[in-house]
Amino acid sequence: MQHNKRHLALIGMMGTGKTTVGRAVSELLDMTWRDTDQELVAKWGCSVAEFFARYGEERFREEETAMLRACLEEQRLLLTTGGGIVLREQNRQLLSQWAYVVHLDAEPHEIIERLRRTEEERPLLRGDLSARVHAIYQARRDFYRFADLRVDTTGRAISDIAEEIARAWREHV
Ligand code: S3P
């Protein structure tokens, strides 16, 4: 590989399917998979929601950046990330430098439906789910634009999305 982008990273808003698609892509490409949130949960011994409640979002963002750095130092990984990782310019630069970045996107109405069905507790979605998703979608859409590839997942099967990403990755490496 002529470039530094040795990892494959999936970014995207909560509910765009990063975890489900990540699992499928890691199987297709036989890549080691890490998820920044899952790594943090394992490190802390408590959930993201509990960490937010105890220490607040700013502390969470510090931990998230440190975990991103640690993951990027490893050998080639498939990396999935929390939806807000793109908020810090530093994180966008790190991802862009070290990973082939895929932005999983979906229309807000589909994000809302998917999030309704999940049991995970997401601290930033407390209150009116639809209003929160629309607001976060608008506020963050530009932050995802640095990705090398954008994939609209609306109405598509997981296997189909995973295959598109695997194909793009094979062309990249
Ligand atoms: C967040 C998304 C969550 C988690 C935290 C903050 C965000 O990850 O990192 O609740 O700011 O969008 P998922 O995108 O996996 O839900």
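**A parallel sheet and its surroundings**

Strand S4 (residues 99–105) runs parallel to S5, and 4 bridges join the two. Strands here are DSSP runs of E with at least two residues, helices are runs of H or I with at least four, and both are numbered from the N terminus. Two strands pair if DSSP finds at least two bridges between them. Within this pair, histidine 103 stands opposite arginine 150 in S5.

This is a predicted model, where local features need pLDDT of at least 70, side-chain atom pairs count only at pLDDT 80 or more, and totals for chains, interfaces and linings use all residues. Residues are numbered from 1 along each chain as its sequence is written, and side-chain values use heavy atoms, with hydrogens and water left out.

Now take in the whole sheet. Its 5 strands follow the order S2-S3-S1-S4-S5, in an open sheet with parallel pairing. Strand S2 (33–35) and strand S5 (149–152) are the edge strands, each pairing on one side only. From one strand to the next, the twist averages 20°.

Helices come next. Helix H1 (residues 18–29) packs on the sheet. H1 touches strand S1 (7–11), S2, strand S3 (78–80) and S4; contact means heavy atoms within 4.5 Å. The direction of H1 makes about 160° with that of S1. Such angles run from 0 to 180 degrees between N-to-C directions, with axes fitted as lines to C-alpha atoms, for helices over the stretch in contact. Helix H2 (residues 36–44) lies across S2 and S3, at about 70° to S2.

Is aspartate 35 buried or exposed? Aspartate 35 is buried, a label for under 20% relative accessible area, with exposed over 50% and partly exposed in between (1.4 Å probe, protein chains only). Aspartate 35 has no salt bridge, meaning a side-chain nitrogen of Lys or Arg within 4 Å of a carboxyl oxygen of Asp or Glu. The nearest side chain of opposite charge, lysine 18, is 7.2 Å away.

Finally, visit two other residues. Serine 47 sits in the loop between H2 and helix H3 (48–55). Serine 47 counts as partly exposed because its relative accessible area is 29%. Alanine 66 belongs to helix H4 (residues 57–72). Alanine 66 is also partly exposed, because its relative accessibility is 44%.

How values were computed. Lys, Arg positive; Asp, Glu negative; His and termini not counted.
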